[in-house]
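User: I would like to go through this model step by step. Please keep the answers brisk.

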Amino acid sequence: MEKHLSDLYTMSTYAIKAPSSHNTQPWIIFIKDNGLEIYPDFRNPLPVADNSNRELYISLGCAVENICLAANEKGYGESLTFIQNENLQINVRINLSKGTANPSALFSQISKRQTNRSVFFDREIPEKEITKLTNLKLDEGIKHFIYRYNDTEFNLIRSFVREANEIQLADDRYKDELLSWIRFSNSQINQFQNGLSYKTLGVSIIPPFLRKIIIKSQLKASAQNKADEKRMQTSSHFVLFTCENNTPEDWIRLGRSLQRFLLLTCKMKIASGFLNQPCEVEVIADKMKDCLQIENRHPSILLRIGYAHPVAFSPRKQASSFIFTK
């Protein structure tokens with residue numbers, strides 16, 4: 001029994017490496033004798049950028065996928081149950097049974113995967129690699145669309161990114177929310193162990209007396225569009241993840257699919273970064289449904305992929321802060 005509980009704890013720790021919007025790490029895990037329960041953590045929401053909690057649940061799905069890969073590695077079979085609580089929130093029950101190890105080549109990539117916000121190498125991904133990414137098996141109800149640089153759809157999405165930046169950065173609430181998650185120094189990184197560190201943003205430590213000046217100059221649509229344009233121009237492809245229904249269950253399934261995609265790109269030495277602004281602004285998301293051939297599906301996650309140097313890893317919370325025995 002002690003070895004079993006130790007296995008459950010170890011596989012739970014892999015959730016910590018999952019991506020999350022603004023690196024909020026919004027999950028809580030309870031260990032039980034015959035499985036794990038993962039709860040969305042609403043203590044630090046993003047009410048402006050993620051007002052439906054879609055990205056929160058997608059992050060939860062990414063964490064679930066990491067745990068399932070770790071379970072298979074340790075010789076456990078797994079099945080999922082979605083549980084709705086009295087607040088209409090969805091928790092995930094991972095039922096585990098000891099069996100034969102079923103390792104995946106993706107498991108070893110969990111600790112290597114990172115979100116890359118840098119400018120890429122301006123090099124195209126070979127078509128045979130894109131075919132592998134296109135053929136990746138996704139969860140039920142989830143579909144992804146891959147657009148090559150400078151194709152019609154690619155350029156449409158570039159315009160949607162710019163429009164979304166204009167809308168988001170005209171909203172003081174959005175800017176305040178974003179600023180609350182930026183960690184400007186090592187002391188802030190150590191204090192919070194989450195958020196967007198100055199290292200992952202590719203900037204130097206910003207002294208307190210300069211922060212307001214720099215922030216005011218950068219948190220403008222013109223500056224953001226200029227920076228994003230450089231990132232988009234050097235990207236090989238965009239990848240748009242969509243779901244059939246806009247429900248927490250679908251978002252969790254999308255998160256599992258997304259995480260497998262990200263781990264596969266990592267294995268292929270392909271860098272990936274998020275450009276979710278068009279999915280976060282409802283009016284722009286509706287335009288995407290109208291203008292792109294995505295079968296009237298819901299655009300949920302937008303990635304840019306290509307080749308790049310590795311960047312700094314985001315800070316992560318201690319496992320003891322989110323894993324508990326129930």
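Analyst: Accessible areas here come from the Shrake-Rupley method with a 1.4 Å probe. The model is predicted. On that basis the chain exposes about 14900 Å².

User: How many helices and strands does the chain have, and why does it count as compact as a globular protein of its length?

Analyst: The secondary structure comes to 11 helices and 11 strands. For 326 residues the globule rule gives 20 Å. The chain is as compact as a globular protein of that length because its radius of gyration is close to that value, at 19 Å.

User: What does the C-alpha trace span, and what percentage of the residues count as buried?

Analyst: Along the principal axes the C-alpha trace spans about 60 × 50 × 40 Å. Buried means under 20% relative accessible area. Of the 326 residues, the part that counts as buried is 56%.

User: Among contacts between residues at least 6 apart in sequence, what percentage join residues at least 24 apart?

Analyst: A contact means heavy atoms within 4.5 Å. Among contacts in the chain between residues at least 6 apart, the share joining residues at least 24 apart is 77%.

User: How far apart do the centres of the positive and negative side chains lie?

Analyst: The chain has 42 positive side chains and 35 negative ones. The centres of these two sets are separated by 8 Å.

User: Which residue stands opposite isoleucine 38 in β4?

Analyst: Strand β2 (residues 35-40) runs antiparallel to strand β4 (residues 90-98), with 4 bridges between them. On the β4 side, the residue opposite isoleucine 38 is valine 92.

User: Through how many residues does a hairpin join β1 to β2?

Analyst: β1 and β2 pair in the antiparallel sense over 6 bridges. The hairpin joins the two strands through 2 residues.

User: Which residue in the turn between β3 and β4 has a positive phi?

Analyst: Strand β3 (residues 76-84) is joined to β4 by 9 bridges, and the two run antiparallel. One of the pairs puts glycine 77 with serine 97 in β4. The hairpin leaves 5 residues between the strands. The turn residue with a positive phi, about 65°, is leucine 88.

User: Where is lysine 17, why does it count as partly exposed, and which residues does it touch?

Analyst: Lysine 17 is in the loop between α1 (2-13) and β1 (27-32). Lysine 17 counts as partly exposed because its relative accessibility is 30%. Its C-alpha atom is 32 Å from that of serine 159, which is 142 residues away along the chain. Leaving out residues up to four places away in sequence, lysine 17 touches Asn66, Ile110, Ser111, Arg113 and Arg316.

Notes. Residues numbered from 1 in each chain as written. Predicted model: local features only at pLDDT ≥ 70, side-chain atom pairs only at ≥ 80, totals over all residues. Heavy atoms only, no water. Rg over C-alpha atoms; globule rule 2.2 N^0.38 Å. Buried < 20%, exposed > 50% of the residue type's maximum accessible area, 1.4 Å probe, protein only. Lys, Arg positive; Asp, Glu negative; His and termini not counted. Charge placed at Lys NZ, Arg CZ, Asp CG, Glu CD. Pairing = 2+ DSSP bridges.
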